[in-house]
Every structure is written in structure tokens, then in C-alpha cells.
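Hi,

Here is the structure I promised to pass on.

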Amino acid sequence: VSWGNIGNFPADLVDCYELTALVLEFMMKILLQPVYKFDFNNRVLFGLCAVDIRTLKDLLVEIKVFKMYHLRCFRGFGTKSFENVYDVLHQNDILDENNDSYLFEFI
């Protein structure tokens, strides 16, 4: 199956394993986006870099696994910074209204 002209193939001929690999590759491209490409303010970007959060994946791990512990310990990262993180992630449809993400299952 050639993904370049997938429209020419009936859906039942598409190998689900190839589709899974394609989805995983796409999700990894999203997760590996550098945090500086998002609209975080400078204070947030400085705080993220200070605790070695460089990619969206790093940030989502911090949110899901550590409950933002490392950022809470970082001096100068206060309420407005946390609001900026969540606002930007909501604006980009990375987090939903319950602060859950479809990307959590890929980290």
C-alpha cells in the first residue's frame, strides 16, 4: 500500500498496522515540538528551560506524571505562569476543559 495515493485504495485493503505506525509517527512529531514554538510568555519559557522542559512531550510528562511539581519548586513561576501554560495548551487543543489530553497515552 502506498500512502502517497491512499485515496485509490478501498478502506478494507489498508493494513491497520501501517495506519497505526503512521498515527504514532504523527503523534511523535507533535510531541517533539519545541516549547518555544508555542505562545508561552517569556517568564514561562525561562521557567520551562530552567527545569529542562524543552519539548511538548516534556511538558505533558510534567503535567501528567509530576503534577507540575518541578515548576512549583521553581522560584518565579507563580499563578500567572501556570495560567499561561494551561491557557496556551487549551488554545492549541492540547488540553481539554478537564485538563486531559489525547496525547497522554503516547507519553
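Helix H3 (residues 56-64) has Leu 56, Leu 59, Leu 60, Glu 62 and Ile 63 as its buried residues. Seen down the H3 axis, these fall within an arc of 155 degrees, so they line one face of the helix. The arc is taken from the directions from the helix axis to the C-beta atoms. Buried here is under 20% relative accessible area, exposed is over 50%, and partly exposed is in between (1.4 Å probe, protein chains only).

Before going on: this is a predicted model, so local features need pLDDT of at least 70 and side-chain atom pairs count only at pLDDT 80 or more, while totals for chains, interfaces and linings use all residues. Residues are numbered from 1 along each chain as its sequence is written, and side-chain values use heavy atoms, with hydrogens and water left out.

H2 can be described in a similar way. Its buried residues are Val 44, Leu 45, Gly 47 and Leu 48. They cover an arc of only 165 degrees around the axis, which puts them on the same side of H2. Asn 42, Arg 43 and Phe 46 are exposed on the other side of H2. The cover over the buried residues of H2 includes H3, H4 and H5.

**The chain as a whole**

The protein chain has five helices and zero strands (DSSP runs numbered from the N terminus: H or I of at least four residues for helices, E of at least two for strands). Of its 107 residues, 30% count as buried. Accessible surface comes to about 7200 Å², with 54% of that belonging to carbon and sulfur atoms (Shrake-Rupley method, 1.4 Å probe; for residues, only the protein chains shown count as cover). As for contacts (heavy atoms within 4.5 Å), residues 24 or more positions apart account for 47% of those with a separation of 6 or more.

**Core**

The largest nonpolar core has 25 residues, and those with the most contacts inside it are Phe 40 and Leu 89. The elements giving two or more residues to this core are H1, helix H2 (42-50), H3 and H5. A core in this sense is a set of buried Ala, Val, Leu, Ile, Met, Phe, Trp, Tyr and Cys residues joined through side-chain atoms within 4.5 Å. Leaving aside neighbours within four places in sequence, Leu 89 is in contact with Phe 40, Leu 56, Leu 59, Ile 63, Ile 94 and Leu 95.

Asn 84 sits in helix H5 (residues 79-91) and, at 15% relative accessibility, counts as buried.

**Salt bridges**

How many salt bridges does a search of the whole structure find? Two, with the cut-off being a side-chain nitrogen of Lys or Arg within 4 Å of a carboxyl oxygen of Asp or Glu.

- Glu 25 and Lys 29 meet through their side chains (3.9 Å, N to O). Being four residues apart in helix H1 (residues 16-31), they are separated by about one helical turn. Glu 25 is partly exposed at 45% relative accessibility, and Lys 29 is exposed at 52%.
- Asp 52 and Arg 54 pair at 3.4 Å, N to O, with Arg 54 partly exposed at 45%.

Cheers
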